[in-house]
Structures are given as structure tokens and as C-alpha cells.
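Colleague: Could we go through some parts of this model together? I would like to begin with helix packing.

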Amino acid sequence: MPNKPDAPAPSAAGGSAVAWEPGFALRPELANAIAEVTAPGKPFETRVQNIRGVEFTVFSNAPANLRDLYTSGLAHADKDFYVYEDERYTYQAMWDMAARCANGLKSRGIEPGDRVGIAFRNYPEWIAAFMAITSMGAVAVAMNAWWSGEELVYGIEDSGLKLLFTDVERTERLMPHLDDLGIELVTVRHSHGDLPTWEAFIDAASTEMLAPEIAPEDSATILYTSGSTAHPKGVLSTHRAIANALLGWECGGAIAMAMNPQMGAAVGRAAPPPQDPPSIILTVPLFHVTGLVVQMLSSFRRGRKVVGMYKWDVDEALRIIQDERVTEFNGVPTMAWELVQAPNRGKYDLSSLKSAGGGGAPMAPEHARQIDKTIAKGAPGTGWGMTETQGLATTIGGPAFLERPRSCGRAVPPIVKVKAVKSDGTDAEPHETGELWIWGVMNFSEYWNKPDATAESLSDGWVHTGDIGHLDEDGYVFITDREKDMVIRGGENIGCQEVEAVLYEHPAVLEAAVFGVPDERLGETLATVVAVRPGMTLTVNEVQAFAAEHLARFKVPDHVWIRHERLPRIASEKIFKRGLREEAVKLLESGNP
């Protein structure tokens, strides 16, 4: 899809003609804080912008594009930006490496609007490549590095990549398919035959960053998300959407400070310097919206240090928090819980940690209480968002979270709205259940090459999340169920239909039903009941091995039951998946799976 021209001029100069109206009365202190923080002339001043026919509230001072965001990081040029094992990169060093990569891409014929992929671990080169792609006006396709070779091929073909950066694991998965793909691979931290290496790619390239014109509504990223369809969907987002999401979190923090007199001052007055400079441990992959937007991109304006990990390991995380004086922890809820439960936690100095939380999956109330008690006193937190919303929707922390541990928070003012919509299409009242919808400038543009799916999920600026829940009288959101056939395993979304489609390819499988079952550590794990074709045999190990050949490891069912009769049906002749799940849960609870 070609980049689009900027949207028409705002319909109002200054102020916010589109009020923050989530459908309930705002407490006076919140309303006053929003007005104060977003007033004309303030850093978080808002205005109205017509974007694709919808009037959104936007930040007047948001970076025009991601390159402008990266430039703001040069105000902290000599500070550590990314630490990876024994490697340290300042903001200036990362900018220089990104500039060399951008010039390397230009020399390969990459132009604005072209798609360029990244498929490897959280190495420093991931960030440099992403900065390069988005700074030159191309579209960064963040490939799921856990995908199988077949899944990687799907993403490459679906997005129409011109070039792909890969590490050794992803290169090996793609080699059997390389002749048919017709794209250039650049290998990172390894060499493979005649494929160009990262070092050769950026060798002798200029450290002067390319600076083509990039409009706010130009496309910036494609991130793939699993849902209820047989194939992942590419979520296309603009520079404006991402930049406004980043300021949304900042503004939310400023509003909270304005509401809390104990924080020391009115908005605009300098807060006392923290004992330790801001830093965060990068615990999730950069191809996730949490790792990319919430953790990495949000660091540029603050000059925050990001400390990466090769892979999640709780003892290594404890060491990093101690040695790097990490002040913030934000992973999936299971990671924060593992920190609390770690047998060696007492051996490390975690006094620098000021906040700890997680998103991407519900956090159990007991987990929140223990996090508050042990590693982030007074400041546990969580939030809710989607790839389609740049991870931004609701947030909750501190005492409010401890009072409402089952809530995922309140819409982040002033650019986000959340409402529950009943089955008849009308807005739900407080405590009435409906599908949760999210409104805001940070929402995605479309599902790449999937207009029907886009029309089903995006209307008049609202994303239809597929999550079922309600809002209370104060606007706090509670998620109670999911409409989509999806499992969230440790923060990873798994489309049940996608897994079923693979299982049906096995010659011995007559029928398959895939669903989620509760898991104490991961929240949910994947389970399946498989009916075998008459006269054929099939074992649990064979089912799992077959799935592993075609799917990422986290999509392989943890629990498998084999049946030799037709699976139960409901009146419409659909498989009675809910009944199968209830039966599976009882078996697991009995300890006799």
C-alpha cells in the first residue's frame, strides 16, 4: 500500500473539540487535571485532526514521524541507550549505526513505502534496523521470530518484503524456501554461504541519516497478530499513531501527577531527580508491541536506558536489575510473578526498582498483592492494549490497582476512549456487559491486504476488540471473556482456528477442537481434542510433533486428548467446543489428564 498524503488541516486550532467522554461523569479532580495538562501552550496541548474521515484528539507537539522521535534521543547522545550482555550503545552510537543501515538500504534500491523485514532476537542490530527502515520512509515488518519456516514464508509473501534481516535460527528455517521467495536476506551475527552479512551491509555507509519527507499519515510498521482466523493478520500503523501513543503514556503520567498533591508540585514544576536514572529491562521480544512501543520506543524522549536479554531467565533478570540499577519492570504478568517467587530473589539488591507490572494477559489479584509486597511497594501496575492500538488503551497502578485488582484500568486520557457495546449495537451502561471497543488516534490503519477483516474490526475510529467486559461507574474496565476464538498463553495470542487448520492436515486426523485451559504460571495453555479417522492410529506425541513441524513452538498444544468417535455437536452441528473445554478442565483439576 503506498504512503498516503497528510490528512486535512485540523478542524480547530488548539484546545480539544472532541472531549474525553468515556460515557460517565468524570471526577472533578480528574477533569481539572486533564484540562490543565492539555491546555494551549502546555507540552501536552491537544487539538482535533481529521484522519481518514474521523475527527480524533491528537497531541499538537507529537513528533511528526519516528525519525523526529529518534532525533529527540540525541539530546541524551552520550547516555547509554541499549545494553546487551557486555555491549553498550549510547544514543549517538545507535543513531550512527541506524544511519549506516539506512544508507545501506538505499544502496539496495529500497524506497519509501517498501516493506523491509526484521526476524531475529533482541540484538542491538534489531533496533538499528528498525530505526533505519522507519527513518527512510520504508515500512518495518516486525516478523515473529518464533514462527516456523512455513509461517515466516507466509509473512514474507503476505507483506511483500523487499529485504529481510535474519539471525542464524531464522536463516536456517528459511533456507529450504529461499529460492522461491525472491528476496534478499541479510544475516545478523552469523554468515551463511553467499548471503551478505550485517557488517558488509553497513560497511563504509555514511553516518548521515537519510531525511526524505515523511508525513504523519505515512505507514510505519506492520506487526503480525494472531486472532480467530487461520492466518496471522498484518497490522498496519502510521507514524502519527505510534507517536501519539507514546505521548499518551507521558500525558497520562502528567495527569496522575497533577491529581496527586503528594507528588510534590503542580504540572510544569520540575520533580526531584530520582536516585537512579530511568532504566527498563527488555523482557519481551521487540516484534511484540509491548517490547517495541511500550518499552523501546518510549525510551527516546526520556533518555531511558534499555537493557536487553537473550531470552527470559528469572535469575538473569534479577542480576540485571541489580547490576544495571533498573528502575522499571514491564513484562507479561507471569514474568513479574516469577520475580516474586524466585528462590534466589533475596540474594539480589532490587532497591532501584520503582515499578513492576505487566500486560498482554490478565494479572491475578494475588500476584498484584505479592508484587506490591515484595518488589515494587506501592507501584504494581498493569494495563490493556492491543497490537492494533500500539499497546495503548487502559492503565492502572498503585493503590487504585490494589483496590481493583481485577480491573485492567481506565482509558488513558485525553486521546483514548473505551466503551462496552451490547449485542444490539447500543452502548452499555456502567456494569452492563458488552464487547469492549477502543477509540483513538493510536489505532491501526488496516489489516494488510485484508479489507473484510478491517471492516469487521475498525469502524468510525473504534477498534472492536473481541474482548467482553464492562466499565464501572468510574470508568475502570473489567474484562470477563473473549468473543474471539483465541488463547493468550503467557502474553502470546494464539488463534485456535490457525492451530486447527494445521492439525487437519494430518492424514489421521478426522476432527480437531483447540481451546485454552487455565494454567497457574502462564494464565492459559493450549489444549486439543482430536478424533482419529477410522482404521488409523495416532498418539499424543505424534500430534504434538506434527504441530511443531508447521507452527511456532508456543502454538503446539500442551494437552492432547485422542478420541476414536465423532466429537460432540451443538444443534447447529458445530463442534461443542465449550463442553469439551469444561470436560478438559475437570480432568486437569482432578490430576488425571
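Modeller: This is a predicted model. Helix α1 (residues 28–37) and helix α9 (residues 239–259) have axes that come within 9 Å and cross at roughly 125 degrees.

Colleague: Which residues make the contact?

Modeller: From α1 they are Glu29, Leu30, Ala33, Ile34, Glu36 and Val37, and from α9 they are Cys251, Ala254, Ile255, Ala258 and Met259. By class, nine residues are nonpolar, two are charged and none is polar.

Colleague: Turning to the sheet with β26, what is the strand order?

Modeller: The order is β26-β27-β28, in an open sheet of three strands with mixed pairing. β26 (509–519) and β28 (559–563) are the edge strands with a single partner each, so one side of each has no neighbour in the sheet. From one strand to the next, the twist averages 20 degrees.

Colleague: In which sense do β27 and β28 pair?

Modeller: β27 (residues 523–532) pairs with β28 in the parallel sense, over five bridges. Ala527 is opposite His559 in β28.

Colleague: Which strands does helix α17 touch?

Modeller: Helix α17 (residues 540–550) packs on the sheet and touches β27 and β28, with its direction at about 120 degrees to that of β28.

Colleague: Finally, where is Arg404?

Modeller: Arg404 is in the loop between α14 (398–403) and β17 (409–411). Its side chain makes a polar contact with the side chain of Asp474 (3.4 Å).

Methods
Residues are numbered from 1 along each chain as its sequence is written. This is a predicted model: local features need pLDDT of at least 70, side-chain atom pairs count only at pLDDT 80 or more; totals for chains, interfaces and linings use all residues. Side-chain values use heavy atoms; hydrogens and water are left out. Helices (H or I, at least four residues) and strands (E, at least two) are DSSP runs, numbered from the N terminus. A polar contact is a pair of N or O atoms within 3.5 Å; within protein, one must be able to donate a hydrogen and the other to accept it, and residues adjacent in sequence count only if both atoms are side-chain atoms. Axes are lines fitted to C-alpha atoms, for helices over the stretch in contact, and angles run from 0 to 180 degrees between N-to-C directions. Contact means heavy atoms within 4.5 Å. Ala, Val, Leu, Ile, Met, Phe, Trp, Tyr, Cys and Pro count as nonpolar, Asp, Glu, Lys and Arg as charged, and the others, Gly among them, as polar. Two strands pair if DSSP finds at least two bridges between them.
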